[in-house]
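Here are my notes on this model, as numbered points. Please read them alongside the coordinates.

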Amino acid sequence: MTTLNDRLPRDGFAPVSAASAHALAKSMDESGVGVLHQIVPHAILAQMRSFVAHHIEQHGGQYFAFEGNGWIGDTCLRPLFEDAGLQALLRCLYDLKMRTSPPSDRIFPVLRVLTGTHGLRHANNFHFDSYVVTVLLPVQIPNGLDEPPGDLVMFPNMRDARRFAVVNILEKLLVENLLKRIWRTPRVQRWRSAKIVPLTPGNLYFFWGMRSLHANQACLPGSVRCTALLHFGDPHECSVFKRVSQRLHVMRLRRMARD
Ligand SMILES: O=C(O)CCC(=O)C(=O)O
Ligand SMILES: [Fe+2]
């Protein structure tokens, strides 16, 4: 039985549940993105921004990203990450798309902070995620007058989720490396009907990360653009080829830090 308490927002977050799964999946299929509005309140975004400002200082004013469970447990986003409603929603979305249960309930969280000249290297870096469902929470988005906000750009549902890990790796190598400059050109973006998604802090943006080629647009080196990503459902989690793709990902990040 649901009590009033169950329906009240917890820790200031608006409630999220699997009841939104069908509407979100429809929107993700049809337009590329599904949105849940005003889920994370201002007070929590403000706390996250001071956490980020502190770490920017420690990184010499340059781009950084935190990957994996370590960072989120120490932040005020933890209740969202651990929320049973969000977890049920993610499972349901995976199930709707893949027609099978996810290999595990693991959520892979990432905090990306674009700032400084290194932030520019990470703009227009088109890729497919290794996970079927991606949730993007804008924490801080540049909003100065005439300032580029660093919108999300995507080619919605460009391919199907790949059943075989090796096909996935080869396809990623081709699209993300050999063809990487092509996706940045305005003509190709127009031709392939790229979708520009302006981001509002506090909303949750859902998309099929494994199917939709995506990247962020550039922002000014003096600005801060911070997003938290929750990746869910890696169909190749148990594959022997997984190590290869992880290695490629690490090499790519190292190359970007060096160049
Ligand atoms: O920050 C963004 O807008 C997108 C980041 C992203 O796609 C990722 O980390 O996988
Ligand atoms: Fe991504």
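1. Start with the contacts. This is a predicted model. Of the contacts in the protein with a separation of 6 or more, 89% are between residues 24 or more positions apart.

2. Next, the overall build. The protein holds 10 helices and 9 strands. Its radius of gyration is 18 Å, close to the 18 Å that the globule rule gives for 259 residues, so the protein is as compact as a globular protein of that length. The C-alpha trace spans about 55 × 40 × 35 Å along its principal axes. As for burial, 34% of the 259 residues count as buried.

3. One sheet deserves a look. It is open, and its 3 strands come in the order β6-β5-β8 with antiparallel pairing. β6 (195-197) and β8 are the edge strands; each has a single partner strand, so one side of each is left without a neighbour in the sheet. On average, neighbouring strands here are turned by 20° against each other, direction ignored.

4. Within that sheet, take the β5 and β8 pair. Strand β5 (residues 152-155) runs antiparallel to β8, and 4 bridges join them. L152 stands opposite N216 in β8.

5. Now the ligand. Which residues are around ligand 1? They are V110, R112, D129, L136, L152, H214, N216, T227 and L229.

Definitions and conventions:
Residues numbered from 1 in each chain as written. Chains lettered and ligands numbered in written order. Predicted model: local features only at pLDDT ≥ 70, side-chain atom pairs only at ≥ 80, totals over all residues. Near = placed C-beta within 6 Å. Pairing = 2+ DSSP bridges. Helix = DSSP H or I, 4+ residues; strand = E, 2+ residues; numbered from the N terminus. Axes fitted to C-alpha atoms, helices over the stretch in contact; angles between N-to-C directions. Rg over C-alpha atoms; globule rule 2.2 N^0.38 Å. Buried ≥ 20, exposed ≤ 12 C-beta atoms within 10 Å, placed from the backbone. Contact = placed C-beta atoms within 7 Å.
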